[in-house]
Amino acid sequence: MQDDKQKKLGGITFCSWNIRGANEPIKRGKILAQLKSLNADIIFLQETHLKLQAQTSLKANWIGQSYHSSYISKSRGTAIIIRLPLKLKNTIADKEGRYVIVTGEIYSTPFTMVNIYAPNFDNPQFINKILNINSEFNYQNVRIGGDFNCVLDQYLDKSVQQKRLNIKSKSSELLIANP
């Protein structure tokens with residue numbers, strides 16, 4: 001029989017969603033209502049479009065903790081919303097609003113969450129940067145999610161016309177080579 005900690009860690013649910021902006025109160029309310037109904041424990045949001053001073057608008061009574069990265073304009077932006085008890089160790093928020101990293105302990109187990117919003121063009125330097133951050137800090141129990149803006153399987157992710165091109169991006173090759 002598993003102890004409670006094992007049961008809880010094994011049952012953590014994740015959700016990742018590119019919300020394409022959360023500045024409008026009505027849209028933000030609908031997003032928060034949908035997220036609450038999904039009942040995910042950890043939520044990765046991309047393209048929040050929230051400036052630093054507006055990040056508190058992504059709050060609700062069911063949200064435990066939230067961590068953000070913002071950009072200087074109403075574009076980009078990532079957030080990690082955590083509904084579980086997290087003993088925070090560290091956060092890294094990208095100044096360009098491309099990623100946020102949260103490290104800490106969940107149920108006394110070290111845990112790292114990385115939420116990314118990659119550039120919408122093939123940018124292997126960005127993917128390398130993310131992969132190097134993980135190896136540099138030797139994070140444990142890493143969960144990486146987000147919008148990678150690249151195609152991992154062109155037969156699933158591209159239209160018929162684009163499939164014929166049979167072009168693989170350097171970013172997707174890096175991701176496939178570093179599971």
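Two strands are taken to pair if DSSP finds at least two bridges between them; helices (H or I, at least four residues) and strands (E, at least two) are DSSP runs, numbered from the N terminus. The structure is a predicted model, in which local features need pLDDT of at least 70 and side-chain atom pairs count only at pLDDT 80 or more, whereas totals for chains, interfaces and linings use all residues. Residues are numbered from 1 along each chain as its sequence is written, and side-chain values use heavy atoms, with hydrogens and water left out.

Strand β5 (residues 86–93) pairs with β6 in the antiparallel sense through seven bridges, Ile92 having Ile101 of β6 as its bridge partner. Five residues separate the strands of this hairpin, and Gly97 takes a positive phi near 70 degrees there.

An open sheet of mixed pairing is formed by four strands in the order β1-β2-β4-β3. Because β1 (14–18) and β3 (65–69) stand at the edges with a single partner strand each, one side of each is left without a neighbour in the sheet. From one strand to the next, the twist averages 10 degrees. Strands β2 (residues 42–46) and β4 (residues 78–82) run antiparallel and are joined by five bridges; Ile43 has Ile81 in β4 as its bridge partner. Helix α2 (residues 25–38) packs on the sheet, touching β1 and β2, and its direction makes about 155 degrees with that of β1. Contact here means heavy atoms within 4.5 Å; axes are lines fitted to C-alpha atoms, for helices over the stretch in contact, and angles run from 0 to 180 degrees between N-to-C directions.

A nonpolar core is defined as a set of buried Ala, Val, Leu, Ile, Met, Phe, Trp, Tyr and Cys residues joined through side-chain atoms within 4.5 Å, buried meaning under 20% relative accessible area (1.4 Å probe, protein chains only). The largest such core has 15 residues, of which Leu35, Ile43, Leu45, Leu58 and Trp62 touch the most other members. Two or more residues each are given to this core by α2, β2 and β4, and the largest share, three residues, comes from α2. Leaving aside residues up to four places away in sequence, Leu35 touches Cys15, Trp17, Ala40, Ile43, Leu45, Trp62 and Arg83. A second, separate core of 13 residues includes Tyr67, Val100, Val102 and Phe111.

In helix α3, Pro124, Phe126, Ile127, Ile130 and Ile133 are buried, and their cover includes β6 (99–106), β7 (109–117) and α6 (170–177). Just after α3, Asn138 takes a positive phi of about 50 degrees.

How values were computed. Buried means under 20% relative accessible area, exposed over 50%, partly exposed in between (1.4 Å probe, protein chains only).
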